[in-house]
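Hi everyone, thanks for coming. I'd like to take you through a few geometric features of one model, so please have the viewer open.

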Amino acid sequence: MRLAMAFCVLLTQPAGAADDALWETSGQKLRIARGRLVSLVDKSRNVELVAGPTDRLRSVFRVILNNGFAKAQEVDASAMELRASERKDGELRLAFESKDLRVVMGVGSEGSDLTWRMDATPLNPALAVAEVQFPVLHLRAPLGREGAGDRVVFPRNEGLLIHDPLAAVPAQSWRRRVHNYPADMVAQFVGYFCGRSGCLLWTDDTAGHVKGFGFDRRPGEPGLPLLIQHRMPLEPGKTWRMPYRARISFFAGNWQAGAEIYRAWAAQQFWCKTPLRNRRDVPPLLHAPCLVIHSELRRERFDTLPDILAAYAKRFNAPVIYRPVGWEKHGAWIGGDYFPPFPNEEAFRQLVAALRERGIHVACFLSGRFWTRRAERASPATNEALKRFIEEQDGNRFAEWGPNGRPWTRKFEQREMIRLCAGTPLGRNFLFDASQRLLDLGVTAVHEDQDLGPEPSGYTCYNPAHGHPIPCGSWAAQTMLDCLTRIKLAGQARTPDFILTKEEDTELMNMVLMGYQTRYFVRLKGDWAGRAAEIVPVTQYLYHEYLPTIYGFAGPHWQEVARSMVMGQIPSLPFWGKAVALVEQLPASTVALLEDYYAAMKCYAKPFLLYGRMTTVPPMNVPTVRRRVEGRSLEGRVIGLELDDPLVVTSSWRDEAGNLGVFGVNLTTAAVSVRGIVPQAADNLVGLSQYVGADTVGVRQAPPGSAFVWTLPPRRLCGLVFQRGR
Ligand SMILES: [Zn+2]
């Protein structure tokens with residue numbers, strides 16, 4: 001023992017001793033021995049999160065070294081020699097060395113987080129650091145007394161909650177779920193928790209470096225190794241210095257508690273610069289908010305459509321965005337050979353003009369940088385045309401390549417696609433050019449579909465002729481940010497109504513985009529090994545306050561409309577494969593809910609459902625039924641999950657002034673009364689107003705800690721507002 005400070009105790013011992021190092025603060029304690037994290041204690045909850053025989057635990061890091069594009073070796077900390085263990089500059093610093101690699105890792109504390117950084121240097125000049133797994137937290141599993149209450153949360157798309165990660169897959173099979181950032185995760189974390197303990201593993205990167213988050217358990221292994229896979233450009237002989245820190249925060253109970261930790265940090269970053277309520281770059285249409293209607297353009301009568309849509313605007317007293325599915329030359333979601341649009345340029349332009357005359361805006365989707373090479377449902381002539389388009393544009397040359405030196409392809413929804421590399425001139429300009437052509441046709445809303453985020457993910461792009469770092473780093477995120485910024489500025493220069501949106505979201509894009517597409521109304525998502533994961537509104541929780549959620553494809557079934565509006569999305573009605581129905585033909589429950597929503601938004605709900613910061617719903621005894629909720633995976637397989645399914649869908653939001661708005665739709669056919677307790681004094685909430693639609697149905701004093709009863713008639717949008725005292 002060399003040093004003991006008020007909060008930090010450190011042991012340094014000669015290499016080869018049982019302990020490499022110990023780090024302790026008032027809230028955390030960890031121990032590294034023989035290159036493994038053998039103990040991680042959340043002192044405030046008095047919980048040990050890592051437990052197991054030392055020799056069966058993973059190393060605290062693993063480095064993959066490449067020779068060229070091929071993996072040359074994997075080096076684990078436990079197989080390296082500990083050269084130094086010392087306390088320096090407020091951190092614990094460990095130096096490891098093997099024949100071909102030197103690693104210096106640092107552990108420190110910031111507030112209640114543990115922070116991790118690393119330098120990795122290949123000692124053989126032919127080798128390059130290709131991937132670093134660090135830190136690897138080989139967590140005890142199940143974390144709770146039994147696995148049924150364990151959850152893993154990912155900010156993937158709208159948010160993915162995996163129930164009981166140890167269940168359903170035989171112990172002898174591989175359990176692996178790693179999601180990439182910024183490709184398909186809105187934010188940079190993974191959390192594993194149960195009712196009384198858990199931790200969030202995250203990074204504080206502000207540049208969009210490529211990395212994966214998740215768990216990776218080998219057959220027969222104990223516990224659940226949680227890890228971050230850092231991916232970088234291949235630079236032989238050069239040190240990889242982690243350009244951000246990895247962090248561990250402890251939390252427990254629900255996913256919101258983990259997201260809260262991340263949100264506190266994210267709110268300080270450039271992508272949360274301006275709350276939506278103050279965003280003047282977002283046009284009034286989205287602040288209204290509007291109603292979105294989708295239909296199959298090939299089923300529409302162009303002469304009657306404008307009046308049919310105008311009737312919706314009138315009925316709900318809301319501006320309408322019309323999204324024609326299949327506007328593209330070859331049909332829905334077939335890019336990049338888009339133009340002329342269906343049925344021809346002149347007819348399309350006239351339709352858009354007729355709609356604009358009635359105040360209806362038209363939104364067209366672009367398939368990101370995906371180019372369809374072949375579509376199963378298309379005719380031989382179409383497939384020939386798609387092939388020719390790619391040849392004419394020299395698409396294969398500008399496409400993302402895999403390490404095998406061929407264009408990377410994706411097969412999805414019976415289409416085979418290549419993707420333009422964002423690091424090439426064609427890749428940089430293609431989306432911009434397509435958006436300009438849409439604006440030429442009178443379209444005012446451009447949506448980038450299918451691309452979930454800035455690739456690469458590590459599979460691409462290996463084309464040395466493109467001139468970008470290979471394969472990873474932050475170049476793809478920066479290129480995407482530049483591309484979207486250019487599209488936005490050019491669009492705004494042409495019309496103040498211009499809207500740029502994107503499928504799903506990547507936090508870096510928050511301030512450039514005017515909206516993002518999520519799908520919270522779907523309950524389940526097919527996850528790995530045939531299992532279902534629950535979809536939870538993580539994205540809304542983190543970023544609803546900054547960016548509207550649109551094109552959520554709710555309904556027209558009323559339950560989907562209900563979920564979507566309660567979760568703070570701008571309503572969207574899709575008529576898949578059909579023409580738009582007359583507004584009089586909508587189901588009565590859907591009409592009632594939409595009427596409630598638009599009236600409530602004009603009256604009291606907008607500071608919450610459009611501009612609010614999501615919070616956990618105050619404790620209320622909402623009745624639930626234990627049942628198997630079913631859905632379909634992307635491949636069409638039926639998936640299911642046993643859930644305590646609430647009979648009232650609820651959400652809760654804070655407005656700018658600190659008032660709390662709670663919203664609910666009763667999904668049953670009879671009135672439901674729920675009881676709750678007015679949130680505690682720290683909130684200084686005093687008055688309570690109750691609403692059904694836009695009607696006030698009660699106003700009363702509400703001393704914190706007192707009980708309240710909330711009665712919800714069926715299939716109506718109901719609200720409670722707890723006013724903050726002055
Ligand atoms: Zn490339």
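First, the ground rules. This is a predicted model, so to speak: local features need pLDDT of at least 70, side-chain atom pairs count only at pLDDT 80 or more, and totals for chains, interfaces and linings use all residues. Residues are numbered from 1 along each chain as its sequence is written, and side-chain values use heavy atoms, with hydrogens and water left out. When I say helix or strand, I mean DSSP runs numbered from the N terminus: H or I of at least four residues for helices, E of at least two for strands.

Let's begin with helix packing. Two packed helices are described by the angle between their axes and the distance between the axes. The axes are lines fitted to C-alpha atoms, for helices over the stretch in contact, and the angles run from 0 to 180 degrees between N-to-C directions.

Helix H3, residues 305-316, packs on helix H4, residues 345-357, at about 30 degrees, with the axes 9 Å apart. That makes H3 roughly parallel to H4, a label for angles under 35 degrees. On the H3 side, Leu305, Pro306 and Leu309 meet Leu351, Ala354 and Leu355 of H4, where contact means heavy atoms within 4.5 Å. By class, the residues of this contact are six nonpolar, no polar and no charged. For the classes, Ala, Val, Leu, Ile, Met, Phe, Trp, Tyr, Cys and Pro count as nonpolar, Asp, Glu, Lys and Arg as charged, and the others, Gly among them, as polar.

Now please move to helix H10, residues 558-566, and helix H11, residues 588-609: their axes come within 10 Å and cross at roughly 5 degrees. H10 and H11 are therefore roughly parallel to each other. The H10 residues in the contact include Trp558 and Met565, and the H11 residues include Leu593 and Tyr597. This contact divides into nine nonpolar, two polar and no charged residues.

The search uses a 1 Å grid over the protein atoms alone: a cavity is a set of points where a 1.4 Å probe fits but cannot get out, a pocket is an open set with protein on both sides within 12 Å along at least five of seven lines, and lining residues have an atom within 4 Å of a point. Points are joined across faces, edges and corners, and a volume is the space filled by probe spheres set on them.

How much space lies in the second largest pocket? About 1300 Å³. Of its 47 lining residues, the closest to the centre are Leu161, Trp255, Glu534, Val536 and Asp644. Strand S38, residues 638-646, gives the most to that lining, seven residues. The lining has 25 nonpolar, twelve polar and ten charged residues.

The whole structure has one cavity of 30 Å³ or more, and the largest cavity holds about 40 Å³. Among the residues lining it are Arg323, Trp327, Trp333 and Phe365. Strand S24 supplies the largest share, three residues.

Finally, the backbone. Most residues other than glycine have a negative phi, and most peptide bonds are trans. Asn317, in the loop between H3 and S24, has a positive phi of about 55 degrees. A cis peptide bond joins Tyr181 and Pro182, and the bond from Phe339 to Pro340 is cis too, with omega near 0 degrees. Pro340 sits in the loop between S24 and H4.

Thanks, and I'm happy to take questions.

Notes. Parallel < 35°, antiparallel > 145°, perpendicular 65-115°, else oblique.
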